[in-house]
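Student: I would like to look closely at one part of this model, and then see what surrounds the picture. Could you take me through it slowly?

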Amino acid sequence: MVMTKMKQHCLLLTVLLGFTACNNEVNVDHIPVEIALQRFDKDLQLAATDTTLIPSLREKYNSFFELYNVNIIEIGDSQGPYYASMLQNFMQAEIVAIAHSKVVTVFLDETTLNTQLTNGFKHLSYYFPDMLMPKVYAYVSGFNTSLMLMDNAVAVGLDRYLGGDDIYDELNFPRYRQYNMRPERIPIECLQAWVDGEYLPEGGGNSNLLQEMIHAGKIAYINTLCFPKAVDTLLFGFSAAQMRWCKDNEKGMWISLLENQDLYKNDYFLAQKYISEAPFTTAFSQASPGRACVWIGYRIVAAYMKKNKTTVPDMMLLDAQSLLKESRYNP
């Protein structure tokens with residue numbers, strides 16, 4: 001049964017993210033990018049068993065090793081006098097041991113995942129030839145964090161992507177969050193986090209809803225370019241019913257935003273109501289997904305790119321108001 005579950009995850013990755021040649025897809029075979037998931041989680045287990053391996057672990061993972069120790073599992077600097085014993089205590093904690101055992105089962109072989117990461121970042125390099133491509137580290141946090149971003153790497157908490165595991169119910173994760181806690185979301189969320197780190201939202205900490213929505217729409221648009229054969233439900237993280245609702249109610253959502261005059265309000269909590277993960281978007285309908293306005297942002301960006309001859313990097317630098325105006329968006 002365990003092996004069957006793991007094989008099902010691999011099959012899902014192959015089907016949903018299987019990049020095959022088509023008329024609309026760019027050729028990225030010549031792009032010199034290769035992403036191999038570096039299994040820090042496995043290396044850490046070994047070091048916890050044989051603490052003489054800690055210095056080599058520090059050398060191999062550099063700043064991420066200390067970030068993990070200090071910020072993720074909070075046991076302090078690896079060169080502290082009690083680090084080795086604290087690491088062993090952490091690894092022996094019941095919830096951490098459970099997390100590691102489940103990760104070993106689901107991610108027994110990362111070959112398929114490496115292929116999807118490589119193809120995604122090859123596409124990203126095609127559209128952003130001057131962008132540095134990251135390393136990707138895998139870790140286990142005891143179900144605490146999904147992604148960490150550094151200057152040269154994205155780190156992914158594999159225990160937050162087990163897919164349909166009963167442990168998430170036992171830990172009281174809301175069902176709407178569980179939907180995207182699956183292996184096939186890893187390439188999309190890693191690439192999304194990397195681009196998001198390269199391009200901060202316009203307006204900084206004082207962005208209005210339009211700016212936040214367009215920023216999220218830009219990232220979503222890039223995902224469609226980098227994963228050209230992925231189904232839209234996977235790209236946007238919506239169920240089939242939620243995706244259908246967004247498409248059927250695009251015009252109604254836009255009219256509601258205009259009538260409520262919410263687009264230009266510099267209100268952080270208002271913006272989050274429209275673009276943050278939630279059971280549904282409270283301003284619309286309980287049938288809507290949380291983050292429903294990410295779909296609107298994407299549709300505006302897609303309309304702009306269809307009507308204007310511009311590069312993707314130039315589009316990323318365009319301010320939200322100009323992009324909306326030049327998109328002539330009219331759902």
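Student: Which residues in H6 meet which residues in H10?

Tutor: Before the details, please keep in mind that this is a predicted model, in which local features need pLDDT of at least 70, side-chain atom pairs count only at pLDDT 80 or more, and totals for chains, interfaces and linings use all residues. Residues are numbered from 1 along each chain as its sequence is written, and side-chain values use heavy atoms, with hydrogens and water left out.

On the H6 side you will find Asn119, Gly120, His123, Leu124 and Tyr127, and they meet Ile222, Leu225 and Cys226 in H10, where contact means heavy atoms within 4.5 Å. The residues of this contact of H6 with H10 comprise 5 nonpolar, 3 polar and no charged (Ala, Val, Leu, Ile, Met, Phe, Trp, Tyr, Cys and Pro count as nonpolar, Asp, Glu, Lys and Arg as charged, and the others, Gly among them, as polar). Helices here are DSSP runs of H or I with at least four residues, and strands are runs of E with at least two, numbered from the N terminus.

H6 covers residues 111-127 and H10 covers residues 209-226, and their axes come within 8 Å and cross at roughly 115°. That makes H6 roughly perpendicular to H10 (65 to 115 degrees, with axes fitted to C-alpha atoms over the stretch in contact and angles from 0 to 180 degrees between N-to-C directions). H6 passes H10 in a right-handed crossing, a term for a near helix turned clockwise from the far one by less than a right angle.

Asn223 also belongs to helix H10, and with a relative accessible area of 1% Asn223 is buried (under 20%, with a 1.4 Å probe and protein chains only). Leaving aside residues up to four places away in sequence, Asn223 touches Ile188, Leu191, Gln192 and Leu235.

Now turn to the sheet, which is open, has 4 strands in the order S1-S2-S4-S3, and shows mixed pairing, where two strands pair if DSSP finds at least two bridges between them. Strand S1 (38-39) and strand S3 (147-149) stand at the edges with a single partner strand each, so one side of each has no neighbour in the sheet. Strand S2 (residues 135-139) runs parallel to strand S4 (residues 153-157) over 5 bridges, and Val136 stands opposite Val154 in S4. On the other pairing, S3 and S4 are antiparallel over 3 bridges, with Leu149 opposite Val154, and these two strands form a hairpin with 3 residues between them.

S4 is mostly covered, since 5 of its 5 residues are buried. Ala153, Ala155 and Gly157 lie on one side and Val154 and Val156 on the other, and both faces of S4 are covered. Helix H3 (residues 54-72) lies across S1, S2, S3 and S4, running at about 40° to S2.

Technical notes. Parallel < 35°, antiparallel > 145°, perpendicular 65-115°, else oblique. Buried < 20%, exposed > 50% of the residue type's maximum accessible area, 1.4 Å probe, protein only.
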